[in-house]
Amino acid sequence: MSAQPVSPAGAMPMPPLTPESLRAAVARLVPSRLDELNEHLVHAATQAQELDSTVPLRSFTEYWGIVVAIERDPVRAARFHQLEAVVDAGLEPEATRAAITEIGTLVDEARAEVLA
């Protein structure tokens, strides 16, 4: 998680995977999810203390890193949200399955960026 990947054309740079940097990126890219991020951070910090483990905080940064990696690239974000709409509509099982598969691919690509 040390070297951040180069940004695709039109994308903001991937921020460092710290709560403050991720919060700033979410505030810029998807401000509607800022409360969710803050609640998740409080929960992760509480779990980390209770478990005496950094795993909940690492999970927090990976999750929100993936969100930012998707949202920072306008083309990828637009496709991701189109696919979400297909899944939410749930009208055709085959289209829904294909959309879920493609969402998985986009998330895997974003995770690879975060873990690079």
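Reply: We may begin with a term: contact means heavy atoms within 4.5 Å. Leaving aside neighbours within four places in sequence, threonine 61 is in contact with Leu17 and Leu22. This is a predicted model, in which local features need pLDDT of at least 70 and side-chain atom pairs count only at pLDDT 80 or more, while totals for chains, interfaces and linings use all residues. Residues are numbered from 1 along each chain as its sequence is written, and side-chain values use heavy atoms, with hydrogens and water left out.

Me: How many helices and strands does the chain have?

Reply: Helices (H or I, at least four residues) and strands (E, at least two) are DSSP runs, numbered from the N terminus. The chain has five helices and zero strands, in the order α-α-α-α-α from the N terminus on. Its C-alpha trace spans about 45 × 30 × 25 Å along the principal axes. Of the contacts between residues at least 6 apart in sequence, 55% join residues at least 24 apart.

Me: Is threonine 61 buried or exposed?

Reply: Buried means under 20% relative accessible area, exposed over 50%, and partly exposed in between (1.4 Å probe, protein chains only). Threonine 61, found in helix α3, counts as buried because its relative accessibility is 8%. Leucine 17, one of its contacts, lies in the segment before α1 (19–29). At 15% relative accessibility, leucine 17 is also counted as buried. Buried residues make up 32% of the 116 residues in the chain.

Me: At what angle do the axes of α2 and α3 cross?

Reply: Two packed helices are described by the angle between their axes and the distance between the axes. Axes are lines fitted to C-alpha atoms, for helices over the stretch in contact, and angles run from 0 to 180 degrees between N-to-C directions. The axes of α2 (residues 34–51) and α3 come within 8 Å and cross at roughly 155°. α2 is therefore roughly antiparallel to α3, given that angles under 35 degrees count as roughly parallel, over 145 as roughly antiparallel, 65 to 115 as roughly perpendicular and the rest as oblique.

Me: Which residues of α2 and α3 meet?

Reply: From α2, the residues include Leu37, Leu41 and Ala48, and from α3 they include Leu57, Phe60 and Trp64. By class, this contact has 11 nonpolar, two polar and one charged residues. Here Ala, Val, Leu, Ile, Met, Phe, Trp, Tyr, Cys and Pro count as nonpolar, Asp, Glu, Lys and Arg as charged, and the others, Gly among them, as polar.

Me: What volume does the largest pocket have, and which residues line the pocket?

Reply: Rolling a probe the size of a water molecule over the atoms shows where empty space is left. On a 1 Å grid over the protein atoms alone, a pocket is an open set of points where a 1.4 Å probe fits, with protein on both sides within 12 Å along at least five of seven lines; lining residues have an atom within 4 Å of a point. A volume is the space filled by probe spheres set on the points, which are joined across faces, edges and corners. The largest pocket has a volume of about 160 Å³, and its lining includes Val30, Arg33, Tyr63, Val67 and Phe80. The elements giving two or more residues to this lining are α3 (55–71) and α4 (74–89), and α3 gives the most, with five residues. The lining residues divide into seven nonpolar, one polar and three charged.

Me: Which residues does valine 67 touch?

Reply: Not counting residues up to four places away in sequence, valine 67 touches Val30 and Arg33. Valine 67 is in helix α3 and is buried, with a relative accessible area of 9%.
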